[in-house]
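These are my notebook entries on one structure. I set down in turn what I looked up and what I found.

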Amino acid sequence: MTGATKGIGRAVAERLLGAGASVAICARTEAEVREGADRLGKRALGIACDVADPRACARMVEQTAAHFGRLDILVNNAGLGVFKPLAEMSIEEWRLQVDVNLGGVFYCSKAALPHLVASGDGFIVNIASLASRHAFAGGTGYNASKFGLLGLTEAMMLDVRHDGVRVSVLMPGSVDTFFHGREPTSDRTWRLHPDDCADAVAQLLSYPKEAHMSRIELRPSRPPRKG
């Protein structure tokens, strides 16, 4: 699972562990993944991986499969956002968002696919955003990467459905996490909570082989009124 040391990723990892799964988590630094794996317990494996690097993604997948003996589920959660108008966004900032938010999903999924096919009932869950469908000012790079992720997910679902692999996308709205440098609040606000996203992932994974929920759009039920 990518981007799993905090926020949505950590909540999903905890939910999977609670259901009896063994989980590999990744983040960019050794210190981060070591601390995250220690916090999650004995059935968690931490692997440092920059998802913008295809070779690092391939190593992470192979390490995971070798350690646990198989790979059944891939959750692509790593993501970032640089929110600026196009005129103010650097080429490096553009590339970073596309490389992480979109490229990382492609690299990890491509590396994981042979293992997921071999499992007989593999699953890929991509964590996208409502920004995959709704553009906003200042979202040039973020919207582009998330719109692309939705398209990638839906096309990949059609590519691999007859290989025994299901592919789904979770599209949450505002979630109370550290995303974009924001500090989560100590009590529940109008925003979604990471556990809400973990519930949705668990729901996606709960269906029998014959059923496939391909997309969940998850919204705060009562966001602040505009105007």
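This is a predicted model: local features need pLDDT of at least 70, side-chain atom pairs count only at pLDDT 80 or more; totals for chains, interfaces and linings use all residues.

**Entry 1: Residue A44**

I began with A44, which is buried, with a relative accessible area of 14%. The cut-off I applied is that buried means under 20% relative accessible area.

I then looked up where A44 sits, and found A44 in strand β2, which covers residues 44–48. Leaving out residues up to four places away in sequence, I noted that A44 touches V23 and A37. I also checked A44 against L130, a residue 86 positions away along the chain. The C-alpha atoms of A44 and L130 are separated by 30 Å.

**Entry 2: The chain as a whole**

How many helices and strands does the protein chain have? I counted 6 helices and 6 strands. Following the sequence, I read the pattern as α-β-α-β-α-β-α-β-α-β-α-β.

Next I looked at the overall dimensions. Along the principal axes, the C-alpha atoms fill a box of roughly 55 × 40 × 35 Å. For 227 residues, a compact globule would have a radius of gyration near 17 Å, and the protein chain agrees with this because its own value is 17 Å.

Of the 227 residues, 44% count as buried. Among contacts with a separation of 6 or more, 62% are between residues 24 or more positions apart.

**Entry 3: The second largest pocket**

I turned to the second largest pocket, whose volume is about 340 Å³. Its lining consists of 17 residues, and those closest to the centre are S22, V23, L71, D72 and I73.

At least two lining residues come from each of β1 (23–27), α3 (54–68) and β3 (73–76). Sorted by class, the lining has 13 nonpolar, 2 polar and 2 charged residues.

**Entry 4: Salt bridges**

The side chains of E14 and R10 form one of them, at 3.3 Å from N to O. Both residues belong to helix α1 (residues 7–18), and because they are 4 residues apart there, about one helical turn separates them. E14 is partly exposed at 37% relative accessible area, and R10 is also partly exposed, at 29%.

Another salt bridge joins D121 and R166, whose closest N and O atoms are 3.1 Å apart. Which parts of the chain does this pair tie together? D121 lies in the loop between α4 (91–119) and β4 (122–127), while R166 lies in strand β5 (residues 165–172), so the pair ties together parts that are 45 residues apart in sequence. I compared the accessibility of the two partners: D121 is partly exposed, at 31%, whereas R166 is buried, at 9%.

I then looked at R215 and E217, which form a salt bridge with closest N and O atoms 3.4 Å apart. R215 has a relative accessible area of 30% and is partly exposed; E217 is likewise partly exposed, at 28%. These two residues belong to a network of salt bridges that links R133, E154, R215, E217 and R219.

Is A135 buried or exposed? I found A135 exposed, with a relative accessible area of 62%, since the cut-off for exposed is over 50%. A135 is located in the loop between β4 and α5 (140–160). Apart from residues up to four places away in sequence, A135 touches N143 and F147. I also noted that A135 and K146 are 11 residues apart in sequence, with 9.8 Å between their C-alpha atoms.

Lastly, I looked up R222, which is found in the segment after β6 (215–218). R222 counts as exposed at 72% relative accessibility. From R222 to K146 I recorded 76 residues in sequence and 24 Å in space, C-alpha to C-alpha.

How values were computed:
Residues are numbered from 1 along each chain as its sequence is written. Side-chain values use heavy atoms; hydrogens and water are left out. On a 1 Å grid over the protein atoms alone, a cavity is a set of points where a 1.4 Å probe fits but cannot get out, and a pocket is an open set with protein on both sides within 12 Å along at least five of seven lines; lining residues have an atom within 4 Å of a point. Grid points are joined across faces, edges and corners, and a volume is the space filled by probe spheres set on the points. Ala, Val, Leu, Ile, Met, Phe, Trp, Tyr, Cys and Pro count as nonpolar, Asp, Glu, Lys and Arg as charged, and the others, Gly among them, as polar. A salt bridge is a side-chain nitrogen of Lys or Arg within 4 Å of a carboxyl oxygen of Asp or Glu. Buried means under 20% relative accessible area, exposed over 50%, partly exposed in between (1.4 Å probe, protein chains only). The radius of gyration is taken over C-alpha atoms; the globule rule is 2.2 Å times the number of residues to the power 0.38. Contact means heavy atoms within 4.5 Å.
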